[in-house]
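Let's take a walk through this model together, ring by ring and strand by strand. Have the viewer ready.

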Amino acid sequence: MIVAKFGGTSVADSNCINRVLDIIENNSEQLVVVVSALSGVTNLIQESANLAANGDLKYQDILSQIEKRHFTCIKELIPIKNQSRVLSHVKQQINTLSTLYEGVYLLRELSPRTKDHMLGFGELLSYFIIAKAAESRNIDVGYENAREFIFTKNDLTANAVDYNKSFAAIKAYFKKATDQVTIVPGFVASDEEGAPTTLGRGGSDLTAALIASALEVRQLEIWTDVSGMFTAHPFYVKQARAIEQLSYHEAMELSHFGAKVIYPPTLQPVTEKNIAVLVKNTFKPEDKGTLISGDKKSNAQAVRGISYIENIALLTLEGSGMIGIPGYSKKLLSVLAKHKINVVMMTQASSEHSICVGIENEHALLAKKMIEEDFGYEIESKKINPITIEDKLAIIALVGENMKSHQGISGRMFSALGRNNVNVKAIAQGASERNITAVIDSTNTKKALNTLHEAFFEEQIKQVNLFITGVGNVGSKLIEQLHNQKAFLQDQLKLNIKVVGLSNSRKMTTHADGIDLNKWEDILAAGDKADSAGFFELAKNLNLRNSIYVDNTANEKIAHTYPPYLKESISVVTCNKIAAAESYTYYNSLKQLARTYNAPYLFETNVGAGLPIIDTLNHLITSGDKVHSIQAILSGSLNFVFNEFSDKTTFREVVQQAMDAGFTEPDPKIDLSGVDVARKILILARESGMQMELSDIDNDSFLPKACLETKDNESFLASLDEHNDHFTKLYASAKKNNSRLKYVAELVDGKAKVGLKEIPASHDFYNLSGSDNIVLFYTDRYKDQPMIVKGAGAGGDVTASGIFADIIRIAKQ
């Protein structure tokens with residue numbers, strides 16, 4: 001024999017009920033079918049009962065809606081010739097319910113007993129209609145009201161099941177039942193006096209479990225709208241998957257911590273009889289579902305699932321008077337039990353200075369009031385402090401039978417949460433080690449679930465979320481590279497990098513599931529008006545794990561937006577060198593924020609575009625080497641300009657050529673004035689451990705003053721034409737001395753300078769071609785022959801590749 005329970009979504013309407021009947025017909029064993037009310041009907045009864053108690057006649061409209069839904073089902077499920085008796089029975093039930101409503105309306109009172117009586121009508125209506133629909137299909141079916149054999153008794157928990165009386169009645173009824181299929185309503189029961197009552201939330205599951213346990217059936221099936229119990233809630237975690245097998249304890253822990261597929265008390269009666277429970281999907285009956293049993297051997301994986309409960313408040317009882325004094329915990333829990341307030345979790349410091357309990361938000365104020373009344377003397381005598389409440393919290397739990405035999409689970413859990421700025425307010429773990437529980441802000445629930453799911457179920461693929469500002473030359477190249485390398489990153493590095501935010505000077509847009517990079521330009525164009533502060537708020541509110549803010553601009557305002565990102569544990573990757581070359585105080589504050597919030601701030605492309613210059617310098621210093629001097633050509637644009645400039649061209653022509661090739665900043669004066677090079681050597685000096693400001697660098701500019709004072713690119717280029725003789729003389733002098741013009745940066749003995757030099761043929765810089773950069777590091781280890789880093793140092797592609805490398809560096813952490 002099998003007991004099968006079908007929930008409200010499984011019997012929502014006639015189409016759903018026909019699916020249920022198909023499943024029943026395909027079963028060859030004797031079957032007891034427990035059904036819930038049509039989806040949403042119990043809530044409608046509750047809502048309309050409250051309206052009636054408040055004297056609102058709108059309850060009648062809801063009652064008419066309930067009647068219409070059931071009549072529609074009858075007409076769509078049952079042949080016309082058989083409808084009359086069914087319609088008559090349902091109308092009689094509706095009339096009885098209507099009479100109860102009228103009484104509530106007149107008295108303006110909804111007593112617990114009346115409420116229980118009314119709430120059961122949804123099941124009483126549905127089971128009768130489904131039984132008659134089965135009859136019309138010629139299924140060998142019988143039906144019985146569960147109030148004839150499910151009984152409750154009153155105690156602290158309200159409507160507790162009277163197991164002995166119920167089991168005896170169930171056995172007696174089914175001993176006489178000869179039908180292949182018996183359909184009964186879930187949720188409903190009778191109390192000690194024979195009055196109608198209910199089993200409370202999840203009562204239909206419990207009805208099925210009681211029948212299964214009393215009859216010691218082969219299997220209990222729970223049919224719902226999902227294909228079993230999942231590794232996490234699929235609404236929040238898209239990568240969640242059904243769990244094929246769970247132990248009773250694991251299923252109980254997951255259901256206790258919010259997995260709504262099965263109601264926790266359901267498992268108690270079947271566990272005692274070792275009856276397997278199969279959770280199946282009514283709408284995908286071919287799916288395997290989840291088998292819950294006493295078998296623990298197949299649970300090789302330590303963490304089996306992640307669950308959560310929202311709307312939690314944390315109450316803290318603390319005070320120095322508690323230390324070493326027994327009885328505080330008992331007294332606290334007794335107060336809560338007296339007022340029927342359920343404790344979801346509890347934790348106590350080993351110092352005995354404080355006790356925290358997690359309860360539902362709605363009970364927080366009552367709990368505080370009752371506890372403070374009972375502990376009035378202790379509070380007045382300063383032995384303990386008044387109760388503190390922290391609300392709008394959620395509980396998140398890792399569950400697994402075998403976690404106790406695996407070291408490091410807690411460490412991985414809290415490390416993953418910490419990296420993503422999810423603050424843990426309280427922790428609890430039982431001695432059985434079947435669950436590890438943490439209390440967090442409810443705003444972080446989705447992020448925490450995804451973070452932990454990734455850490456324990458998707459280790460092979462890590463998702464990284466990018467918020468990109470600046471989609472011009474460098475930004476567009478970066479997006480192209482990300483798009484082209486997507487498959488490689490997933491296959492080889494196990495990284496799923498999503499662009500979830502884009503912004504330029506005009507528009508901005510965010511998409512939590514990722515922006516389609518085949519049409520990113522159209523998506524961005526359709527976005528909202530750009531606002532740097534607003535873009536941060538969007539990133540903050542999305543609250544995605546493994547987030548990185550990427551700045552591809554040269555904008556000073558954007559360079560000052562990094563702190564709030566870092567404070568939210570959103571890493572920053574940038575080619576914008578303004579931030580790292582700002583005041584030392586600002587530079588150092590960014591580095592400090594990155595350390596404090598475990599959010600890397602990487603700016604490799606600030607010096608040398610895609611070349612690993614900063615990375616090389618950092619490795620030298622980290623390994624204990626000491627830098628004595630740095631000589632470098634750090635401007636790809638200036639190197640290109642002076643490599644191309646000759647007595648056969650004008651200086652303006654080669655500058656224009658560099659601008660057209662994307663080698664210069666949007667304002668070429670930044671490059672040609674030496675400011676850009678000064679910023680770069682400043683960054684290297686700071687990364688070497690020196691506290692230096694931009695004003696400390698000696699900048700020997702080769703540009704005439706008139707060129708520097710121009711207001712826009714057009715007037716700047718015109719000024720270069722006017723002073724072409726000046727540039728020609730510089731070239732002629734270098735040629736005469738058998739040298740080449742190079743713009744050189746130097747850092748020697750803590751002093752830095754930049755300027756144009758004539759480089760002789762014997763120097764390492766002489767043959768540097770195109771837009772290449774070169775850096776010579778002279779250190780303790782590299783005294784005579786320097787450490788040399790050389791390569792392309794300008795251009796959108798190489799700069800984008802350097803940013804890409806920084807993103808990968810963070811993603812692989």
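Over which ring does the charged end of R108 sit? Over that of Y105, 4.5 Å from the ring centre. Keep in mind that this is a predicted model. There's another case of this kind: K165 puts its charged end over the ring of F151, also with 4.5 Å to the centre.

Now for rings against rings. A pair of aromatic rings is described by how far apart the centres are and by the angle of the planes. The count here comes to 29 aromatic pairs. Take Y163 and F167, an edge-to-face pair with 5.9 Å centre to centre and 90° between the planes. Both sit in helix α7 (residues 163–176), four residues apart, or about one turn of the helix. Y163 is partly exposed at 29% relative accessible area, while F167 counts as buried at 16%.

F651 and F727 are a stacked pair, because their planes are at 15°, under the 30 degrees cut-off, with the centres 4.1 Å apart. F651 belongs to helix α25 and F727 to helix α30, so this pair ties together parts 76 residues apart in sequence. F651 is buried at 0% relative accessible area, and F727 is buried too, at 1%.

Next, the sheet. Six strands make an open, antiparallel sheet in the order β14-β15-β13-β16-β18-β17. β14 and β17 are the edges: each has a single partner strand, so one side of each lacks a neighbour in the sheet. Neighbouring strands are turned by 30° against each other on average, direction ignored. Helix α9 packs on this sheet, touching β13, β16 and β18, with its direction at about 60° to that of β13.

Notes: Residues numbered from 1 in each chain as written. Predicted model: local features only at pLDDT ≥ 70, side-chain atom pairs only at ≥ 80, totals over all residues. Heavy atoms only, no water. Pairing = 2+ DSSP bridges. Helix = DSSP H or I, 4+ residues; strand = E, 2+ residues; numbered from the N terminus. Axes fitted to C-alpha atoms, helices over the stretch in contact; angles between N-to-C directions. Contact = heavy atoms within 4.5 Å. Phe/Tyr/Trp six-rings, centres within 6.5 Å; stacked < 30°, edge-to-face > 60°. Buried < 20%, exposed > 50% of the residue type's maximum accessible area, 1.4 Å probe, protein only. Lys NZ or Arg CZ within 6 Å of the ring centre and 35° of its normal.
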